Amino acid sequence: MKTFLLRRLLALLPLLLAVTFITQTLLVLAPGDYFSKLAENPSITAARLEMLRAQYHIDSENVFVRYGYWLKGAVQGDFGYSFKFQAPVWSLIADRIVNTLILAIGALIISWGLAIPLGVISAVKKDTVFDRLAGGLSFVGLSIPSVFFSLLMVFFAQKSGLFPVGGIHNQVYWQYFTPWQKVVDTLWHLVLPATVLGTIGMAQYMRQMRGEMIETLSQDYIRTARAKGLSERKVLFGHALGNAINPLITLFGFSFAYLLSGAFITEYVFSWPGMGRLTVEALLDKDEPLVMASIVMLTAMLVVGSLLADLLLAYLDPRIRLE
Amino acid sequence: MKRRFALLSVIVCVVLAAACKPTVGPTMTSGGVANPPFLGQPPQDPYVFNGTGTYGGMFVMSIPSDPGTFNPITSTDSSSNQIIQGPVFTTLLGLDNITQEISSGMASSYEASADGLVWTFHLRKGLMWSDGTPFTAADVKFSFDVTFDPKIDNSAKSSFEQSDHTYPLVEAVDDLTVRFTLKEPNGAMLINVGTVYLVPKHKLEAAWKAGTFSSAWGIDVNPAELVTCGPYRLIEYVANQRVVLERNPYYWKVDSNGQRLPYIDRVVIEIVADMNTALLNFKAGQTDMMYTVKPEDVPGLRAEEAAKDFKVYDLGPGFNVYYFMVNQNPGRSEKSGKPFVDPVKIAWFTDVKFRQALSYAIDREAMVKTIFNGFGVPVYSQISPANKEWYDEASIVKYPHDIEKAKALLKEIGMEDRDGDGVIEDSKGHPVSFKLTTNGDNNQRIAMATLLKNDFKAVGIDVSVNAIPFQSVIKSLQELHDFDSVIGGWQSGNPPDPILSNNIYLSNGFVHYSNPNQKTPATPWEARIDELMNANQRTVDIAVRKERIKEVLHLWSENLPEIDLVAANYFVAAKNRFGNFRPSALPYYTYWNLDELYLTK
């Protein structure tokens, strides 16, 4: 177990090196840099741009020089200052990670909380109206673009007045709320974005759950269980579900990591102050230190997410041993 | 089970919605009492605003991204500027956005010596920083010393630079008098002085001496340390969420009743990245103002004006100008030795008659109609008609849509369709065909490219549109110089004095994109524009400068280094609850006079 953990964490190092190097290469190769956007300002001078580029160490076009400079700082724990915010990159990421976790957990509860029961029922009631409806719902969830779905929800919020139009808190009164009101206020803001992300995830996992469950239900040991005269409830939840859910646990690890990084569009439309938005905005601005640190963070999350899934799987399935 | 879930979620939603009605806290509306109250006394000779209002309340707006810093000297990004430059910090002088004239500010008066070399500014008596410390000439000198420090990057510095790369000498003569000594007259002196935001010596001198001024007052600043001289001071900043400002109790303006400004107690600026969400936020009543509304959103917004009690304001043509440009750079790449542009095409592009023909071929009215819903005007100069001080209709050569004139001009330079394929050929038989580059992320520019393609087709010129990312366009313009033609835009300077656009006009300017960085002017008219603009740089007399700009406008529009296209109208929207609301197409559109705004309900 210990060696397994150690091995997995050690494997993270070459992965991080490769990912950051590729990111740096792309940052150098893509045209323009952080200061290009000053170009439509008529009063900027060429000398000033040159000075800025030298000051921020982005004047070299050589990938190895640029990467070497970054790596030298990174191994000493210095990931640099964001160009835009002039603040240490980790402090910026720390600010956002909590908000991203809130959204991710909300979305996970919705997607898994709906996907598993709906998937199980669809499998049990295969080819009934319920199954068709659930199937239809999941196809809608799979095919609806998240940007459209998000905008639709924001529009719904504005028209109905039931929910706030974006944001994570009531920005005007937040500091005057009691702790309980703060919790409720955050949850109230969370409902719509979590629904968007949750629905999209739900659609996928429900199909997966249904497939696994149908396959499990056709196994011999299920027939045996039924022949023994066990109640249908015990057959489903005691014998079938535990076996059918295994592959989904691996998915769970990745879905968590995906939510941390891939919720950008929803975060953007709902003005949710999360990691995805920070990373993508940094990328658009070419705020290099921030991009690099975010990439490191997201890669580590992905690895840790899949590691957690493996551990959970080992815990749930006695056949699996981690060596 | 499904029904139970549905029921549960409905109940949760209703409970949440009910529990979250705003409770205690500062009031939204004006109550007639200033809270927080004013402290100390206003200056003995305060700035007097000609008008009145009532105290209290708060106003909420949104901006698209986080500020990068709260340091008004080193700030370069627009989000920081729109929060701190004006609402939080001010300068020695002010600008009236409506008359577009420079007014007094923290300095009550100024005078220049006859030779324009010595400028003296007199501060108001009894000015205070927001922490109650007296504001003196030493603070002004400090702010300028920091600005001129070669190690500190800032956008105000370059316009003060003199021919020998030195900066004016700044002296605090006494507590109330600041003197600038120049080596050569500077026509933009007042404008430049108005771009240096004043910072407190007693808070920042230590950081400057320690060499950490550039990172001082970053986004992690303790709001209590951020001592200001503008109408507001910072109370709270939460990344990606909000900036909260509160009245500076020592602000130096009063109204005509002798009441101190500002009227509004508190300003909340939310950070809303998505433009559509920001608009919906405004429609839902969560924010009070939209400082910009896209022309395509205007009809939808107007439809809700009455029901939601807000108003959309059409401020007429904005300051930003769209242009089309053909590459007139005859140079060669240093790396490959190849010419930047195909020599055949350069021969066309450098021919002024060809450019004039293109300008006649463009249907600008159609552009305004289809792209801006009719909210815009054709322009023929880099200066927009919105610019009251410097625009001069009479000096500008215009090119109203005229296909016959365009064809006649093309024929004059030997371009006509000899083989009957619909595309004209030049005198050597090359078909006239070139690429048009613009950034694909900008819908308006893409739409313009499509219209231009059709317009040029009508006179037999074949254009293929090439949409690439913004960064690639800039790289092509500034480094590679390898484009055939391009559609771009100029942002407005503020104040909109053309002297701030020298880099565009001068032939050695690096954003003189038609043919940048010239060692000696390539054409007589570029030489003449250089001469006029350089003379303006050294002239203080505004009447003389205006005459020269008229000639520049004429030369520019006659020779068309860039073919200017349209200026879109500028729209803003605000709830019907503001007094003294005087929106302007210059930054910061709806709240440039934030200190004078008050709430009527």
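This is a predicted model: local features need pLDDT of at least 70, side-chain atom pairs count only at pLDDT 80 or more; totals for chains, interfaces and linings use all residues.
## Overall make-up of chain B

Chain B contains 17 helices and 23 strands. The average pLDDT of chain B is 91, and 96% of the residues score at least 70. For the complex, the predictor reports an ipTM of 0.75 and a pTM of 0.84.

As for overall dimensions, the C-alpha trace of chain B spans about 80 × 80 × 45 Å along its principal axes. The radius of gyration of chain B is 27 Å, which agrees with the value near 25 Å that a compact globule of 601 residues would have. Of those 601 residues, 50% count as buried. Contacts in chain B between residues at least 6 apart in sequence can also be sorted by separation: 69% of them join residues at least 24 apart.

## Where chain B meets chain A

How many residues of chain B are in contact with chain A? There are 54, and they touch 52 residues of chain A. Several elements of chain B each supply at least two residues to this side: the helices α1 (2-19), α6 (275-283), α14 (470-480) and α15 (502-505), together with the strands β12 (266-271) and β19 (485-490). By class, the side of chain B that touches chain A is made up of 22 nonpolar, 24 polar and eight charged residues.

## A hairpin

Another antiparallel pair in chain B is made by β9 (residues 232-238) and β10 (residues 242-247), with six bridges between them. E236(B) has V244(B) in β10(B) as its bridge partner. Together β9(B) and β10(B) form a hairpin with three residues between the strands. In the turn, N240(B) has a positive phi of about 70°.

## Backbone exceptions

Most residues other than glycine have a negative phi, and most peptide bonds are trans. With that in mind, some places in chain B deserve a look. Which residues does Q100(B) sit between, in terms of strands? Q100(B) lies in the loop between β3 (93-96) and β4 (101-104) of chain B. Although Q100(B) is not a glycine, its phi is positive, at about 60°. Q100(B) counts as partly exposed, because it has 18 C-beta neighbours inside 10 Å. W217(B), also not a glycine, has a positive phi near 55°. Its loop lies between α5 (201-209) and β9 of chain B. Is W217(B) buried or exposed? W217(B) is buried, because 26 other C-beta atoms lie within 10 Å.

There are cis peptide bonds to note as well. One joins N35(B) and P36(B), with omega about 5°, and P36(B) is found in the loop between α1 and β1 (47-49) of chain B. Another joins P587(B) and Y588(B), where omega is about -10°. Y588(B) belongs to the loop between β22 (578-579) and β23 (598-599) of chain B.

## Around F180(B)

To finish with a single side of the fold, take F180(B), which is placed in strand β8 (residues 177-181) of chain B. F180(B) counts as buried because 23 other C-beta atoms lie within 10 Å. What is F180(B) in contact with, leaving aside its neighbours within four places in sequence? The partners are W119(B), P168(B) and V170(B). Y391(B), by contrast, is 211 residues from F180(B) in sequence and 30 Å from it in space, C-alpha to C-alpha.

Notes
Residues are numbered from 1 along each chain as its sequence is written. Chains are lettered from A and ligands numbered from 1 in the order in which they are written. Two residues are in contact if their C-beta atoms, placed from the backbone, lie within 7 Å. Helices (H or I, at least four residues) and strands (E, at least two) are DSSP runs, numbered from the N terminus. Ala, Val, Leu, Ile, Met, Phe, Trp, Tyr, Cys and Pro count as nonpolar, Asp, Glu, Lys and Arg as charged, and the others, Gly among them, as polar. Two strands pair if DSSP finds at least two bridges between them. A residue is buried if 20 or more other C-beta atoms lie within 10 Å of its own, exposed if 12 or fewer, and partly exposed in between; C-beta atoms are placed from the backbone. pLDDT is the predictor's confidence in each residue, from 0 to 100. The radius of gyration is taken over C-alpha atoms; the globule rule is 2.2 Å times the number of residues to the power 0.38.
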